[in-house]
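Please open the structure in your viewer and keep the selection tool at hand. The tour below goes from one stop to the next, saying what to select and what is there.

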Amino acid sequence: MTPDLSIVVPLYNEAGGIDVFHRRLSACAARTAQARGMRLEIVYVDDGSRDGTALRAAELAPLGVDVQVVALSRNFGKEAALMAGLDHARGDALLFMDGDGQHPPEMIDTFVGLWKDQGIDVAYAVKADRSEEPTARRLFVKAFYRLLNFGAPTRIPEDAADFRLLSPRAAAALRRLPERNRFFKGLSIWVGFRQMAVPYKPEPRVHGTSSWSFWRLLGLSMEGLTSFSPAPLRLAALIGALIAGGALFYGFWITMERFVWGIPLPGYPSVVVGVMVIGGIQLLVMGVMGEYLARVLLEIKARPVYLVADHVLHPAATAEPARGGPPA
């Protein structure tokens, strides 16, 4: 029987906490399924973990709900893992959440209620408070969303998490999007329909520490900007226009100084500074354009976004796993 809702959970080095998380998630999912008369499944996607997460996940028992485990051949990144879960999910509606325990499974019933009772198509969790995070991280997030939404026709909410539910029609629309350079937060907002933000407070991790270093966050930010927003190109054009205007004004000013007040023209230092400023701006603009061209090249190559090493399905009615599944 086809599930009504698939819960997609990307995993990366979560072997130490997957058992506790699975029991908690399964209990919440089974409770919602029984109360609503629905059939649910959990789709774990191991993104090339190095601590045996895929093996531990493959041994998880189906506690009242079907369990799929999709193990990728290597680490392709979270966006690729989300796409793998999207492709392998059998349910019409989708719910995405992290596997580190910071997204409370108890909110599943809240999301399903918004979908079933109020007709909300995209219910997404938003951090209610960032006061516990470092100041530098908060400023970085705020600057990123300001730049991302600069001139964008579709505004992406600030502090929105990947923890969200998509109704069948919203999930079907997301499946139709063909691009390989994906920014899930932006795409799920772009599809439209009825959307609602749900405040939540992230819980402490059940195991280990976060693998999101500053450089990985910076890389993900560049991925989101170049795959979803033309803001860097527009900002580069704006900076170029400002410099050109400043240069025109400066040229007019030194001309007035020479012919009106008789002040000699500045020589070598002003020329060197001007060349360095203009050269630096040109390199910056070329770098931004290069990022966009790299994304275009990846789209033209049309390589698979991910490759599957193993796929296991545990139906809730039996304890024997069924191996196989669709290719990447």
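Select helix H3 (residues 78-88), which with 4 residues gives the most to the lining of the largest cavity; helices (H or I, at least four residues) and strands (E, at least two) are DSSP runs, numbered from the N terminus. This is a predicted model, in which local features need pLDDT of at least 70 and side-chain atom pairs count only at pLDDT 80 or more, while totals for chains, interfaces and linings use all residues. Residues are numbered from 1 along each chain as its sequence is written, and side-chain values use heavy atoms, with hydrogens and water left out.

Next, select the whole lining of the largest cavity: Glu-79, Leu-82, Met-83, Leu-86, Phe-96, Leu-174, Arg-182 and Phe-184. A cavity here is a set of points, on a 1 Å grid over the protein atoms alone, where a 1.4 Å probe fits but cannot get out, and lining residues have an atom within 4 Å of a point. The search of the whole structure finds 1 cavity of 30 Å³ or more, and the volume of the largest is about 50 Å³, counted as the space filled by probe spheres set on the points.

Now move to Asn-13, in the loop between strand E1 (5-11) and helix H1 (18-36). Asn-13 is not a glycine, yet its phi is positive, at about 55°. Most residues other than glycine have a negative phi. Asn-13 counts as partly exposed because its relative accessibility is 22%, where partly exposed lies between buried (under 20% relative accessible area) and exposed (over 50%), with a 1.4 Å probe and protein chains only.

Finally, select Phe-193, in the loop between helix H7 (184-190) and strand E7 (195-200), where phi is again positive, near 65°.

Definitions and conventions: 1 Å grid on protein atoms, 1.4 Å probe; cavity = no way out; pocket = protein on both sides within 12 Å on 5 of 7 lines; lining within 4 Å.
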